[in-house]
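User: I would like to learn how to read the helices and loops of a protein model. Please take me through one.

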Amino acid sequence: MATPGDQAEVERLRARCQALEADNAALIEKNAALEAQAAALDAEKRHYQWLADSTTDLISRHARDGTFLFASAAARDLLGYAPEELIGVSAYDLFHPADLKELLEKSPRIYYHDGFYQQTYRFRAKDGHYVWFETTSRTRRDPATGELLDVLCVSRDVGRRLEAEAHRERLARVVESTTDYVLFLDGEERIFTANEAARRLLNRPGRARPGRDHPDRDQREEDALRLEQAYTAESLAVLREVVLPAVARYGSWSGELAMRGPRGSVPVLSVVMAHHGPAAEADHLSLINRDIGLRKAAEAQERRHQEQIAHANRLATTGELASNIAHELNQPLGAIANYASGALMRLEADPTAPAGELAVPIERISEQVQRLAERLRHIRTFVRKGQTRPRPVALPEVVKAACRLCDWQFQQAGIALDAALPEALPRVQADPVALEQVLVNLLLNALEASRAHPGADRVTLDARQSGPREVRFTIRDRGPGVPGAERERIFAPFHSGRPEGLGMGLAISHSLMEAMGGRLELAPAGGSGGATFAGTLLAEPGPLPPAR
């Protein structure tokens with residue numbers, strides 16, 4: 001039989017068992033939590049391991065002497081080493097000697113910012129070649145003692161980037177050293193960069209100043225040139241109205257402009273291009289300008305020489321036409337003499353006759369004087385020295401004047417000159433004197449080719465509209481034609497089919513036609529024989545069709 005003491009002991013033991021069960025449950029719960037935490041840590045560890053193994057950068061940990069303590073899987077792709085092959089190897093042994101010296105001497109090329117070091121250097125791969133690395137590293141120290149524990153590094157291959165940067169640097173040096181004027185323009189017409197040649201032309205300071213390799217935006221705006229400071233007013237208008245819209249649409253434009261220089265405007269051949277590429281600003285442009293002042297001067301000198309030669313040719317042609325000119329002047333002079341003699345005879349017969357009876361002969365004398373003055377003005381205009389200035393002219397009037405100069409020679413040679421032009425021809429862009437010189441040269445050549453050739457009794461000059469903006473005239477003869485061997489050099493200077501000829505007429509005619517924006521060619525030989533020269537000139541635009 002249990003005593004009260006035994007009953008108390010049983011209760012005490014029961015209470016203790018319940019407490020132990022509660023502690024056990026708590027321990028089980030705590031153990032489960034620890035296991036879950038360990039699992040989470042293990043998953044996080046595997047995740048970070050996966051990140052380290054998946055990244056293309058080499059992640060490594062080093063002891064204070066540079067020995068590898070850990071290397072990620074990227075070591076295999078970047079250096080050819082399995083990660084375990086690097087463990088225990090000193091990274092310093094794989095540095096390029098020159099770059100290791102910079103590291104040990106803390107070269108300015110090693111950047112430090114907010115506890116991180118960054119260096120670009122060469123690192124030897126397993127096969128012996130060097131890889132350009134950019135490494136960001138951070139040291140880990142004992143909080144209590146400050147002793148260096150290890151160094152964590154992230155390294156990436158920057159060989160392609162450095163190669164691209166070197167390529168850009170080479171291009172930049174070329175741009176900086178070229179004699180062309182290179183400008184870079186933003187969307188607000190600010191020239192934010194100019195090469196040395198452009199800075200000299202525009203009287204601007206050097207590109208970079210100490211401590212100012214990368215000026216801020218406000219400073220760039222303060223230093224920037226404006227487009228109107230670089231180009232003349234006329235070229236600025238062309239840039240704004242023609243060039244910039246064309247570049248926006250097509251990506252580039254080229255043509256002649258004029259820049260401002262210390263001694264006046266500078267003619268330039270300009271190429272304007274839009275910037276393209278991932279980092280390019282959509283409204284930024286490059287303007288490359290080549291000074292063509294010397295070329296322009298040479299072209300002007302060449303034009304002056306050409307004008308002098310053309311003038312000499314007209315003088316020579318006038319000499320060849322001396323008999324025709326004398327004949328033309330003799331006709332009005334003879335008429336004047338006849339009318340004057342008749343008037344004098346009438347006065348001698350009846351000195352008291354009214355003056356009105358002399359009105360008719362005096363009027364005829366006045367008409368002949370005007371005719372004579374007109375012919376003299378035409379001859380003086382023909383032989384006058386001057387520039388070739390194309391303008392809209394009526395082709396039939398020029399043809400009529402040229403035929404009139406040559407008509408007496410054709411009559412004396414017994415060769416017909418037919419000039420049949422349609423009435424509806426549009427006006428052509430030409431200098432009337434230069435065009436008349438071309439026609440006279442071609443007519444006289446046709447006459448000479450026809451003089452001694454059997455059956456060559458006619459020279460024909462005709463014209464037609466050959467296109468919407470084109471008029472073509474032809475001069476045909478029935479002479480011996482041009483031999484095949486001479487056709488290719490028929491317009492060459494000093495080439496002549498006549499022993500006494502200078503060989504400049506056709507060459508000058510060819511140059512004059514080009515100066516007027518046209519062309520002159522020897523047409524293909526036809527079956528009828530003879531030679532055909534064809535000239536083409538730009539026609540004046542016709543009237544617009546009526547609105548429907």
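This is a predicted model: local features need pLDDT of at least 70, side-chain atom pairs count only at pLDDT 80 or more; totals for chains, interfaces and linings use all residues.

User: How many helices and strands does the chain have?

Analyst: Helices (H or I, at least four residues) and strands (E, at least two) are DSSP runs, numbered from the N terminus. The chain has 16 helices and 19 strands.

User: What share of the residues count as buried?

Analyst: Buried means under 20% relative accessible area, exposed over 50%, and partly exposed in between (1.4 Å probe, protein chains only). Of the 548 residues in the chain, 35% count as buried.

User: What span does α9 reach from its first C-alpha to its last?

Analyst: The expected span of a helix is 1.5 Å times one less than its number of residues. Helix α9 (residues 233–250) has 18 residues and reaches 24 Å, close to the expected 26 Å.

User: Where is the kink in α9 centred?

Analyst: The bend at a residue is the angle between axes fitted to the seven residues ending there and the seven starting there. In α9 a kink of about 45 degrees is centred on L239.

User: Which residues of α9 are buried, and what covers them?

Analyst: An α-helix has 3.6 residues a turn, so residues three or four places apart point the same way. In α9 the buried residues are S235, L236, L239, V243, A246 and V247. Their cover, counted by contact (heavy atoms within 4.5 Å), includes α8 (227–230), β10 (252–261), β11 (264–274) and β12 (285–291).

User: How do α13 and α14 lie relative to each other?

Analyst: Axes are lines fitted to C-alpha atoms, for helices over the stretch in contact, and angles run from 0 to 180 degrees between N-to-C directions. Angles under 35 degrees count as roughly parallel, over 145 as roughly antiparallel, 65 to 115 as roughly perpendicular and the rest as oblique. The axes of α13 (residues 395–413) and α14 (residues 432–450) come within 9 Å and cross at roughly 30 degrees. The two helices are therefore roughly parallel to each other. Among the residues making this contact are L395 and V398 of α13, and P432 and L435 of α14.

User: At what angle do α14 and α16 pack?

Analyst: Helix α16 (residues 505–515) packs with α14 at an angle of about 150 degrees, their axes 9 Å apart. Residues of α14 including A434 and L435 meet residues of α16 including G505 and L506. Both G505 and L506 are among the buried residues of α16.

User: What is the phi of E189, and is E189 buried or exposed?

Analyst: Most residues other than glycine have a negative phi, and most peptide bonds are trans. E189 has a positive phi, near 65 degrees, and lies in the loop between β7 (181–185) and β8 (190–194). At 16% relative accessibility, E189 counts as buried. E188 is in the loop between β7 and β8 too, and is partly exposed, with a relative accessible area of 46%.

User: Where is N203 found, and is N203 buried or exposed?

Analyst: N203 is in the loop between α6 (196–202) and α7 (217–223). Its phi is positive, about 60 degrees, although N203 is not a glycine. At 69% relative accessibility, N203 counts as exposed.

Conventions. Residues are numbered from 1 along each chain as its sequence is written. Side-chain values use heavy atoms; hydrogens and water are left out.
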